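Have a look at the sequence and the structure first, then read on.

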Amino acid sequence: MSERHQLPFLVAVETDPLRYHGEHAVQPAPLAMAEAEQLLAHIAADLGKLFPDVNQHGLCCVGALYDQAQVLRPRYPLFRGMAEVARRRWKQRGAESARRTGLLSIGSADGHLPREELVPDPALPPGVLQLLPLQLHGDAAALEALEDDMEHRFMEEGQLSPLTARALERAFGIATTHVRFLTVTDLLAMLKLQLEHFGFPALWTLIDAALEDAQALEASGSAGQRFRWSEGAVHAEFQTFDHWARGGGGRDLPAEELASAYLAWTREYRQLLITLAAHGIKVEQHLPGESEPLRGLFLEESGAAAGQQANAITEHEGGELGTLAVTVAQDGRLRHFYPLVPEGSNALHEHLAELGIAHQGLSYPGRLCFDPERRRLAADCR
């Protein structure tokens with residue numbers, strides 16, 4: 001008996017950016033089973049025009065739209081979930097049906113999809129590009145040859161018909177500008193070009209390593225951020241301002257450039273960590289030279305001696321980044337607190353409230369306060 005295999009590919013849906021993208025965008029809801037079946041019939045007809053022999057295979061579709069970050073995750077859980085549902089349903093059709101080809105749509109029942117991996121991630125706001133996943137099931141050798149044909153023909157001939165595009169718009173309640181077939185390789189190439197164009201080649205290196213489960217490698221951000229991929233995780237080097245300005249990435253900069261440069265360093269560092277998390281990639285943060293990862297939502301660092309007029313609490317702001325750090329002056333010493341994750345700022349402020357020292361001076365200078373000679377964070381003075 002020939003080996004059974006799955007060939008994943010996609011329908012790429014470019015939506016109207018004025019209506020279905022941005023701060024208040026709403027994720028289109030997954031389709032019910034009947035709607036998913038109708039949409040798959042349209043897609044299958046278009047695919048059959050490109051590859052007449054495709055009806056020799058089983059074609060599976062999930063009636064939902066996804067962000068590329070959810071599609072491109074280590075071990076491809078979305079496609080693995082599709083394959084599990086397809087295998088179970090074809091088995092339920094009986095032995096005779098299992099020997100036949102056909103269409104298999106996966107839709108929602110009472111608003112729920114059959115596996116957690118298939119649920120569109122609510123943490124990913126819908127962008128201009130949305131993806132509808134497809135999967136062919138059949139003989140491994142035949143699908144390998146078909147995959148080669150897809151790689152050559154989809155970019156030139158992969159546009160879906162206007163009839164299918166309108167069906168997709170009606171099903172999801174969206175407007176589209178382009179709808180086309182796309183291989184997973186095509187999607188990866190698009191992501192690589194996108195990240196390199198916007199100045200994030202290190203991010204592509206790390207995502208690609210995670211998807212391929214590559215050997216250990218290192219990558220550096222444009223501002224000198226350091227990352228290492230090994231043992232199934234990205235290990236990110238977190239530099240506090242004091243370390244960064246004195247012995248890290250900012251050590252050679254003049255004092256007047258430290259504040260803006262550390263803001264840029266932190267902005268890119270956070271962007272990379274947020275994007276890696278969106279792709280489902282495990283990230284562990286480490287202090288420079290430390291092998292143990294940082295734990296908790298925020299980091300506490302001992303600082304210099306507090307001055308005579310130091311406010312008890314100084315919040316170092318980073319504009320759109322929010323809190324960069326908070327300096328606490330207590331018992332004659334400074335302590336600095338850094339959020340390590342987006343929710344770390346709230347946890348940090350709750351911790352500071354428990355100290356009960358805000359009445360001794362609370363400062364929001366709207367900037368990074370530091371001693372330019374000692375190149376260390378400082379408390380704002382009363």
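## Before we start

This is a predicted model, where local features need pLDDT of at least 70 and side-chain atom pairs count only at pLDDT 80 or more, while totals for chains, interfaces and linings use all residues. Residues are numbered from 1 along each chain as its sequence is written, and side-chain values use heavy atoms, with hydrogens and water left out.

The largest nonpolar core has 62 residues, and Val71, Leu72, Leu118 and Phe241 touch the most other members. A nonpolar core here is a set of buried Ala, Val, Leu, Ile, Met, Phe, Trp, Tyr and Cys residues joined through side-chain atoms within 4.5 Å. Apart from this core lies another one, of 32 residues, including Leu50, Leu59, Leu168 and Phe181. In soluble globular proteins, nonpolar side chains tend to be buried together.

What does Leu72 touch, leaving out residues up to four places away in sequence? Its contacts (heavy atoms within 4.5 Å) are Val184, Leu187, Leu188, Leu191, Leu211 and His279.

## The largest pocket

About 910 Å³ of space lies in the largest pocket. A pocket is found on a 1 Å grid over the protein atoms alone, as an open set of points where a 1.4 Å probe fits, with protein on both sides within 12 Å along at least five of seven lines; lining residues have an atom within 4 Å of a point. The volume is the space filled by probe spheres set on the points, which are joined across faces, edges and corners.

Of the 27 lining residues, Asp67, Gln68, Ala69, Thr275 and Ala278 lie nearest the centre of the largest pocket. Helices are DSSP runs of at least four residues (H or I), strands of at least two (E), numbered from the N terminus.

## The second largest pocket

This pocket holds about 520 Å³ of space. Nearest its centre, among 26 lining residues, are Leu273, Gln285, Leu340, Val341 and Pro342. H10 turns up here too, with the largest share of the lining, eight residues.

## A loop residue

Gly319 sits in the loop between strand E11 (313–317) and strand E12 (323–330). Is Gly319 buried or exposed? Gly319 is exposed, because its relative accessible area is 57%, and the cut-offs are under 20% for buried, over 50% for exposed and partly exposed in between (1.4 Å probe, protein chains only).
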